[in-house]
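Please read each point with the sequence and the coordinates at hand.

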Amino acid sequence: MSAGASQTVVSKKQQKKRRGWPEEPEVLPSPVVDNHAHLPVLDDDGAPVDEFDVALPPGEEPLTTAQQIARAARTGVARILTVGCDVPSLAGSVALAHAHPEIAAALAIHPNEAPLHAGVREIAPDGLDPAVREHHALALDDAIARVAELARDERVVAVGETGLDFFRTGDEGRAHQVRAFREHIALAKELGKALQIHDREAHAEVVETLLADGAPDRVVFHCFSGDVDLARTCAEHGWYASFAGPVTFRSNDALRAALRELPPELVLVETDAPYLTPAPYRGHPNASYVMPITVRTVAEQLGLELGEACQRLTANTDAVYGPW
């Protein structure tokens, strides 16, 4: 999830700003999997169950789950891993995975949620006030316990997104982020499931924590934002890096250099929908059906023919999460 999403309440100005959904890109020659998206939990009438659901696209009516799946299939995205990373979205994400064979779930308490459950109310380093909601009255230990209970479900294939975010969390909250991260690491190892990591401006501390506690067998840096050095560290330890829309942005030469440093067998692709839409649709809402744009960039940077890249990416996904 975009690092600020869990602490940002959509303004009236944002609600009125409508850019529309991107056009469907050309279909891929072989099916791929969206390794990280946030699908909104909707009721039978298509209305959001939670009006503050971080999966709701700002300024746009959400696509129904059926629309998400159908559009993705038309462009070659055959499966979607939806991520529930706050208490209100946990059970709904599991329910989506049970209702739709194309969907699997990952669950965690987002790093920016952890301090709020711990009672921290500090202003973020970027000046944002904490977006405190009713569910934050639940103690952090109890919130993580809820994740642990639901993550045992067979349709939950990963623990995540968890990790560290020093862009959105100040000094008081960091200790709670670290504690939550370590508990999620332990949970992933206990359950034998993959670990999806959210890492923003905390590369060294994330790696240090993984090495100190012992990383799970399968680790994914979701929305990889590191440099060549972090890519080399991932390659050294066999950790996966999942790339989202930012790898297509013109200014992100350093990110593309990091991608080229990785062996193809450790590369994944995701949307982080509804955020991080690839160019040329930056600023529009994102969805799994738009991911072929990112796949094409990844294939080019890896020096692979597009069909070969798609097959490699799907094989990597199945190696991390198993088929579903």
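**Notes on a predicted model**

Helix 3 and helix 5 are roughly parallel to each other, as angles under 35 degrees count as roughly parallel. The model discussed here is predicted.

1. Helix 3 spans residues 87–99 and helix 5 spans residues 140–150; the two pack at an angle of about 5°, and their axes lie 10 Å apart. On the side of helix 3, the contact is made by Val87, Leu90, Ala91 and Val94, while helix 5 contributes Ala143, Arg146, Val147 and Leu150. By class, the residues of this contact comprise 7 nonpolar, no polar and 1 charged.

2. Valine 41 belongs to the loop between strand 1 (32–37) and helix 2 (65–75). Its relative accessibility is 17%, so valine 41 counts as buried, given that the cut-off for burial is under 20%. Not counting residues up to four places away in sequence, valine 41 touches Ala47, Pro48, Val49, Asp53, Gly92, Ser93 and Leu96. The C-alpha atoms of valine 41 and alanine 95 are separated by 8.9 Å, although these two residues are 54 residues apart along the chain.

3. Helix 11 covers residues 306–321, 16 residues in total. From its first C-alpha to its last, helix 11 reaches 23 Å, close to the 22 Å expected at 1.5 Å a residue. The N-terminal end of helix 11 is capped by glutamate 305, with a side-chain oxygen 3.0 Å from the backbone nitrogen of glycine 307. After helix 11 comes glycine 322, which has a positive phi, near 80°. The buried residues of helix 11 are Gly307, Ala309, Cys310, Leu313, Thr314, Asn316, Thr317, Val320 and Tyr321.

4. One runs from glycine 160 to glutamate 161, with omega near 10°; glutamate 161 is part of strand 4 (residues 156–165). Another runs from alanine 279 to proline 280, again with omega near 10°. Proline 280 is placed in the loop between strand 8 (267–269) and helix 10 (292–302).

5. Glutamate 201 is not a glycine, yet has a positive phi of about 55°. Its position is the loop between strand 5 (194–200) and helix 7 (203–213). Is glutamate 201 buried or exposed? Glutamate 201 is exposed, at a relative accessible area of 52%. Aspartate 272, also not a glycine, has a positive phi of about 55°, and lies in the loop between strand 8 and helix 10. In contrast to the exposed glutamate 201, aspartate 272 is buried, with a relative accessible area of 1%.

6. Threonine 271 is located in the loop between strand 8 and helix 10. With a relative accessible area of 2%, threonine 271 is buried. Which residue does the side chain of threonine 271 join through a polar contact of 2.6 Å? The partner is the side chain of aspartate 34. Leaving aside neighbours within four places in sequence, the residues in contact with threonine 271 are Asp34, His36, Ala37, Ala244, Leu276, Asn286, Ala287, Ser288 and Met291.

How values were computed
Residues numbered from 1 in each chain as written. Predicted model: local features only at pLDDT ≥ 70, side-chain atom pairs only at ≥ 80, totals over all residues. Heavy atoms only, no water. Helix = DSSP H or I, 4+ residues; strand = E, 2+ residues; numbered from the N terminus. Expected span 1.5 Å × (residues − 1). Buried < 20%, exposed > 50% of the residue type's maximum accessible area, 1.4 Å probe, protein only. Polar contact = N/O pair within 3.5 Å; in protein donor to acceptor, adjacent residues only side chain to side chain. Axes fitted to C-alpha atoms, helices over the stretch in contact; angles between N-to-C directions. Parallel < 35°, antiparallel > 145°, perpendicular 65-115°, else oblique. Contact = heavy atoms within 4.5 Å. Nonpolar A, V, L, I, M, F, W, Y, C, P; charged D, E, K, R; others polar.
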